[in-house]
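User: I'd like to understand the wording used for this model. Could you take me through it?

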Amino acid sequence: MNDKLRQALLLCFCFSGIGCGVAQNVSSYAEFGTNVHAGDHTPLWQVSKQQGLSSLKNNAYLRGATTISGNLRKWQYEAVADLVVATGFTSDLVIQQLYADLRYKSWGIYAGSKEMDSPLLNPELSSGGLTWSGNARPIPQIGGGLVDYIRLAPRVRMKASASFGWFTDNNYQKHQVGEGQWYTKSIKYSHRDLFFQFGIPQGKWTFDLGFTLDSQFGGYLISGNSKLDLGNKFINYVKAFIPMSGDEEVSSSERYFQGNFVGSEHFKLTYRNTDFLLSLYYENYFDDLSGARKQNGGDGLWSVEFQPHNCSFIKAVVLEYYQTTNQSGSLHGTGHPDVGKPNGNDNYYNNGLYPGWVHWGMGIGNPLVASPIYNEDGNMTFLYNRVKAFHLAWNGDISREWRYTAKVTYNQTWGTHNRPLPAIRENFSAFVGVGYTPEKLGSWDFLVSGALDMGEIYGDNFGMQLKIKKTF
């Protein structure tokens with residue numbers, strides 16, 4: 001057992017002992033899941049947005065999790081251990097979640113591997129955020145900050161947090177990388193976010209404004225027998241957290257910033273009344289400052305969500321348009337003296353020193369940019385990052401015991417600016433899931449889903465998925 005795992009387990013057990021003499025809650029569940037398919041791969045919406053707990057192959061898994069939570073005076077604590085044994089996955093044993101979380105009022109600190117979803121988006125229905133979507137396995141982190149909103153002024157609230165983490169896919173990359181390809185091991189991670197909310201919480205009108213900035217830094221670039229140190233000292237953590245230039249001797253790209261920076265600007269306007277909720281959302285993704293300054297045209301995620309309050313059969317509807325075709329233009333001024341602007345060809349999710357914005361082969365951002373796990377030649381980069389897509393999803397209750405979720409998606413890709421495709425590739429994906437929670441067996445939950453892909457991006461696929469969950 002490595003030191004990080006031993007420390008995380010010790011931390012969880014320490015938190016379980018905090019509650020001696022005070023009330024605490026202990027809950028557990030066991031889950032069995034399996035997925036079979038015909039065609040090239042498991043369909044898009046059965047492999048994506050699963051927190052990385054999925055596979056392109058036929059697969060099965062057994063999952064067990066325990067949560068310990070409670071209060072100690074004004075403090076709240078939570079510790080979770082969530083382990084998976086699987087066949088058909090990229091690893092047979094998965095430490096899906098293992099973390100401890102401690103909170104005091106609006107402040108919080110946490111350590112470990114924890115599932116997280118996109119901020120401000122519907123986690124079940126949205127195609128996913130552009131910087132973080134819940135598409136890849138969690139990244140172990142140590143972080144904290146204002147995890148809940150605090151009041152700054154009448155109708156103005158704020159929250160902010162930051163963290164450092166470590167990618168865990170060294171062995172996967174080494175095994176997956178193709179001959180003549182390169183990869184980067186022992187990659188570090190940093191995150192910071194800042195969100196404001198204007199209006200009365202749960203009032204008629206609210207407006208959310210947010211900024212997230214993530215980065216990959218450090219590690220070692222492996223190419224054949226060569227090994228390049230990308231900066232793993234304390235000063236490199238500082239330069240990654242407060243964006244500064246790196247070592248230009250490592251790469252010319254390091255003259256700008258240390259590591260691979262990605263980020264999003266979030267805007268959400270919400271209207272509520274007694275009959276429905278309506279929200280408009282836009283997320284602007286950027287790989288450098290040209291995108292942050294909105295020189296990337298119409299790129300981004302445009303979303304509308306509608307929630308009727310008096311119709312249980314339709315609880316929510318989400319319609320999205322996603323575009324990444326501009327990328328601040330096809331050329332970059334550096335190396336192109338005839339180009340009048342210094343920005344362009346942002347090459348979303350890719351980087352010259354890191355495999356890309358990816359963990360265990362799955363893109364950390366929106367899954368409608370096909371993840372490197374689909375690359376059959378062992379290339380660890382994103383080959384189809386210029387896309388346009390329409391996504392529609394809705395869910396509801398059929399009865400007190402039955403529920404459903406449906407999704408349909410159409411997307412196109414042009415490849416990348418550097419490697420454009422000779423012809424546009426298209427794809428259509430659909431998903432229908434039906435859940436059953438019998439009242440007589442309230443601790444059991446059953447979920448069956450069917451999904452398909454048709455097109456040249458993911459292949460022609462049809463899959464069936466079953467999940468059975470027992471809560472204790």
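Analyst: Happy to. Let's begin with contact: two residues are in contact if heavy atoms lie within 4.5 Å. This is a predicted model, where local features need pLDDT of at least 70, side-chain atom pairs count only at pLDDT 80 or more, and totals for chains, interfaces and linings use all residues. Residues are numbered from 1 along each chain as its sequence is written, and side-chain values use heavy atoms, with hydrogens and water left out.

User: What do the buried residues of H4 pack against?

Analyst: They pack against strands E7 (156-166), E9 (188-199), E10 (205-217) and E13 (260-272). Helices (H or I, at least four residues) and strands (E, at least two) are DSSP runs, numbered from the N terminus.

User: Which residues of helix H4 are buried?

Analyst: In H4, residues 234-241, they are Asn236, Tyr237 and Ala240. Buried means under 20% relative accessible area, exposed over 50%, and partly exposed in between, with a 1.4 Å probe and protein chains only.

User: Why are they said to be on the same side of H4?

Analyst: Because they cover an arc of only 105° around the axis, they lie on the same side of H4. The arc is that of the directions from the helix axis to the C-beta atoms.

User: What makes E11 and E12 a pair?

Analyst: Two strands pair if DSSP finds at least two bridges between them. Strand E11 (residues 220-223) and E12 have four bridges, in the antiparallel sense, so they meet that definition. Tyrosine 220 has aspartate 229 in E12 as its bridge partner.
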